[in-house]
Amino acid sequence: MTMQFFDEPIDLTPQPGAGSPVWTGVAASGEDLQSFAIAAHRHGGRLATLWGADRRHLGGGFRLHAVFGIEAGHVYLRLDLPADDPVYPDLAGIFPAANRLQRATRDLVGIRFSGGDQRPWLRHGAWPADWFPLRHDAGEGRGFDNPPSDYDFVQVGGEGAHEIPVGPIHAGIIEPGHFRFSVIGERVLRLEQRLGYQHKGVEKLMAGRILDEGLRIAGRVSGDSTCAYAWAYSAAAEAACGVAPPARALSLRALMLERERVANHLGDLGALGNDAALAFGLMQFLRLKEDWLRLNGRLFGHRFMMDRIVPGGVALDLDAAALREIVDQCDAIGREVRELRAIYDEHAGLQDRFMTTGIIDADLARELSLTGMAARATGIILDGRAWRQGYTPPSPYAGLGVRPATDERGDVAARVAVRFDEILESLRLLREVAVGMPSGETRVEMAPAAGGSGLGVVEAWRGEVLVGIELDDGGRIARAHPHDPSWQAWPALEFAVLKDIVPDFPLINKSFNLSYSGQDL
Amino acid sequence: MTVAGLFGQLLAIVLALVLAPLLTGWVNQCRAWMQNRSAPPLLQSYYMLHKLFLKDVVLAHGTSSFFRTAPYVIFGCMLLACAIVPTLSTDLPLAPSADTIALVGVFGLARIFISLAAMDIGTSFGTLGGRREMLIGFLAEPALLMVIFTTALISQSTSVATIVETLAHRDFVIYPSLAFAGVAFTFVSFAENARVPVDNPATHLELTMIHEAMILEYSGRHLALIELAASLKLYAYSCLGLALFFPWGIAAGENPLGLLAAIPMLVFKLAVGGAFLAGIETINAKMRIFRAPEFLGTAFLLAVLGLLVRLLLETRV
């Protein structure tokens, strides 16, 4: 059963399994891929992720993987490239989100793209430009010199314009990233980010492992989204092996994903108050988050629920008393969140900082392929858990009637409002899932399918988390690629700060709270 | 100059050095309680100073001797300010050396030194902080002067000791002008001492800092002196505010017993003032930096209103 989208000549087949709807297909040439990208862009689609793989040892050349998000779900395209000169047309002119992804792919696998921005992205000089860590014959890659590398930042000239370099080491204990502000006085003229300081070779580490080992690595790509990564990884593995997990396992997964969402929103809402010097907010939200995490620790055996979602199902089960406790906690926390929301909403000083700060509008968000909470705060109704025309959310969300939280202002206040709404909606979902928990098995046995491949998509608290897996002939991981929504959101932050002044940047940054680790890999 | 006067002066200086870190510790404690968290010990500021004095100084490359001398100058300025402001007694041998206008100048001198030292290291954060400090300073100083002129008009003198003596030891009179001046002075104190809602002394966000951005590169005894100077500044401002607007309890002239009786009164007033400061800091968010001119403009306006009220309503022609 094949179908085509946008009248493009690429035959697509729906992926098996119980995950988010994904159609897979093969692009015959770079031009076909480019033409599909243009059609997807014209139909309001977005670039979800892009990665490359070396398949020379499997008897091929190189392979480019591109995933597009469209109204009906995701289209996962593969493009085979020759072994001697792997090159494909630049997609960044169509989807700006491709810029950094293409550069990272070039740095890691050595697949080139023609034209566009050719600066390195993940390669900071720790390895030579003609050595590619993700090629199967690359070796360990030790013993390279690590000279200080220059990076060609875009310069802003003119009377009084100057630069403020910030990071990668910051005054607070946060992840490393470099921000180059071009300013006049306090006004920001341009912000350019340089990331990649946390590159630790996650993808190389996953290659050659069995599925269960890969899961532990995927769950540690970005610790605040460990459930989302584990679910996306498991969904990809299940699709690769043609297995569907039991209904009870899916409900337990949703329970964990929503608890992860609430925990992160609680922490960030407190931090947002603190960044505006309202430490009272931080203390209150931290207390709620701590209660929340302690219950995680007690019921799930881990405060962040790491390694609880596994390929084939889940690694634990909850009894009726535990589900009762979850429902009770939802009621208690919901009351407090509503009270705190009233305090935030009525605090003139706080609202003055939040409102009109860090605006991105819906057009820009679409152009940047933005997903998740930040996109919904611009008024885009895009939530992988909710029904929309032509799209069926994956189980168990299909039966829950998720109401996506949106706000049209696009500023920090909008992102705060969306976070509050999402907490309350997640509390409702948690209650429904806990009360309607299906009975039965929590895990099915899975035999790794030789040569299988799959893509898992999960609506995490930050946005869309994707994991793509290709298995080799022995059923081990040939190539796995985790994609963090931060790839799309970091460039949005560069735009969000443009109308504002330097001291507002930390607040805007916190309202997105993006992952460094998740995209540096 | 009398022996008792000299004793009173020395006692005031020693008391400032002892009480200033305690006041900072007390404000931090109150703030922690109001935020529903357990508080650091009252002596935490002392522990910090002790630690910093024991640590080695690390200097950034390319710093001049100016960077190294600035902490001593800033500390000296703040200690002098504490000596001029009548805390226990109005009989201060040092008082004639500087009146209120000179006091504002002493604060200004410290500000110039800390800003220049911040620029001396040549990092963008130092310059950023120095620039913002000057923005706040040049708006706060006129407002502070206006407050002082209002009180000077009442006592017909710009000497702090005379002003306080007039307000504290004459017959009790209600001056409406002082109400305006008092509110204006509170506004200025928040801006000058880098407190919420103008600055946030507890932040780690380097891009939002004002005072902290200037001292990012300081370490060891230099940082200790700057921290102590910041405590002394808060103490001096608190004592000036208390002396101008709540002067009761300050000993008049040469009265050794009055001097001793003034100490518990001062501690009590500082404790109340510190709790008030912590309360304001807890319920407010930090304003956008370009709201600071509005905030300080309001302070200036109130101070001018106080001056006009004094001139138009309280003066018998």
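## Helix pair in chain A

Helix 5 and helix 6 of chain A cross in a left-handed manner (the near helix is turned anticlockwise from the far one by less than a right angle). This is a predicted model: local features need pLDDT of at least 70, side-chain atom pairs count only at pLDDT 80 or more, and totals for chains, interfaces and linings use all residues. Residues are numbered from 1 along each chain as its sequence is written, with chains lettered from A and ligands numbered from 1 in the order in which they are written.

From helix 5 of chain A, A:Cys227, A:Ala228 and A:Trp231 meet A:Arg253, A:Met256, A:Leu257 and A:Glu260 of helix 6. Five residues of this contact are nonpolar, none polar and two charged.

## Fold of chain B

Chain B has 11 helices and zero strands (DSSP runs: H or I of at least four residues for helices, E of at least two for strands). Its radius of gyration, taken over C-alpha atoms, is 19 Å, close to the 20 Å from the globule rule for 317 residues, so chain B is as compact as a globular protein of that length. The rule is 2.2 Å times the number of residues to the power 0.38.

Of the 317 residues of chain B, 50% are buried (20 or more other C-beta atoms within 10 Å of the residue's own, C-beta atoms being placed from the backbone).

## Interface

In chain B, 23 residues are in contact with 25 residues of chain A (C-beta atoms, placed from the backbone, within 7 Å). The chain B side comprises 10 nonpolar, nine polar and four charged residues; Ala, Val, Leu, Ile, Met, Phe, Trp, Tyr, Cys and Pro count as nonpolar, Asp, Glu, Lys and Arg as charged, and the others, Gly among them, as polar.

Terms used
Contact = placed C-beta atoms within 7 Å. Buried ≥ 20, exposed ≤ 12 C-beta atoms within 10 Å, placed from the backbone.
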